[in-house]
Amino acid sequence: ASASASAAAAENDVLDEPPVHLSLDEVEKRQRQLEAINREKKRLLAQTLAARRAKTQNETTALNQIQLELQQLDSTLHCDVSINRERIEQAIREYDAAKKNFERAEQEFVQAKLRLHQKQELKEQLTEHLLIIIQHSEQRKAKKLEELMQKLELSEKRAEEEIAAEAAQAEARARHEVEQLLVLKEKERELLQRASHISTGSASSLTVPASTTAATTTPSSSTPATPTPSQAKMEAAALASAAASAATQEAAAGAALT
């Protein structure tokens, strides 16, 4: 723009000069100036045309792009509209079917509600009848139980007396078993003492010299015979069995006392 303004200013200066009688050199110089100005104008015009052409091409490209996008939007819109129309038609068909099902279900609901009220009334009547039957049955049962209780009063007293007598007998038997158990324990202690004496006596007899064995082997008529080790073992076994039976009797006696 500044170059075109300067060229226009130079041209105006050349054109505005008053006509004078010029020499050939000045005429050629002026002609060269005019040619330079014209070349500058042509260059500027070519630049302007190129810029306009480029701008027009860019605008054309932009318009084509916009037109293409609008076509794509129209195509998308047409596709969406067709899809939505199909969905709307399908929804209308489903709505009609659902409406028919609802009307049929509503009729069934009314009929079912009527049957429900009828069954509820029947249930209440049967429940009331059942309560009456149970009440009469309980009254008869109470009357019968009262009669039975009156009849069983004497038998209960007799049963209590028999139970008390059996308890007293059981206590006496338990006491007797405890006494027997104490006697058995006393015998057990005596047998243990005898077994210990026998074992100590047999050990001492094994350590006696041979010279004194003959003198001690002849028992006198006044002293009792000393049991042998085998007899001691037999007595110990009998003692163990007696202790076991005594423990059993003690447990039974304790259970009887409790």
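Visitor: What places E138 and K141 about one turn of the helix apart?

Guide: Both residues lie in helix α2, and they are 3 residues apart. A helix here is a DSSP run of H or I with at least four residues, a strand a run of E with at least two, numbered from the N terminus. This is a predicted model, in which local features need pLDDT of at least 70, side-chain atom pairs count only at pLDDT 80 or more, and totals for chains, interfaces and linings use all residues. Residues are numbered from 1 along each chain as its sequence is written, and side-chain values use heavy atoms, with hydrogens and water left out.

Visitor: Why is the pair E138 and K141 called a salt bridge?

Guide: The term requires a side-chain nitrogen of Lys or Arg within 4 Å of a carboxyl oxygen of Asp or Glu. The closest N and O atoms of E138 and K141 are 3.8 Å apart, so the pair meets the criterion.

Visitor: What makes E138 and K141 partly exposed?

Guide: Buried means under 20% relative accessible area, exposed over 50%, and partly exposed in between, with a 1.4 Å probe and protein chains only. E138 has 42% relative accessibility and K141 has 44%, so both count as partly exposed.

Visitor: How many salt bridges does the structure hold?

Guide: The structure holds 3. Another of them joins E40 to R43, whose closest N and O atoms are 2.2 Å apart. Because E40 and R43 are 3 residues apart in helix α2, about one helical turn separates them. E40, at 22% relative accessibility, counts as partly exposed, and so does R43, at 36%.

Visitor: What makes L63, I66, L70 and L73 a nonpolar patch?

Guide: Patches are made of residues with over 30% relative accessible area and no salt bridge; like charges are joined within 9 Å, and nonpolar side chains (Val, Leu, Ile, Met, Phe, Trp, Tyr) within 5 Å. L63, I66, L70 and L73 form such a patch on the surface, with about 410 Å² of accessible area together. Areas come from the Shrake-Rupley method with a 1.4 Å probe, and for residues only the protein chains shown count as cover. L73 is found in helix α2, residues 24-206, and it counts as exposed because its relative accessibility is 56%.

Visitor: What is the pattern of the chain, and how much of it is buried?

Guide: Read along the sequence, the pattern is α-α-α-α, with 4 helices and 0 strands. Buried residues make up 5% of the 258 residues. The chain exposes about 22000 Å², of which carbon and sulfur atoms supply 59%.

Visitor: Where is confidence lowest in the chain?

Guide: Confidence is given as pLDDT, the predictor's score for each residue from 0 to 100. The lowest mean, 39, belongs to helix α3, residues 210-216, and the highest, 84, to α2. Over residues 206-226 the pLDDT is below 50, and beyond near neighbours in sequence this stretch has 1 contact in the model, a contact being heavy atoms within 4.5 Å. Where pLDDT is low, the predicted coordinates should not be read in detail.
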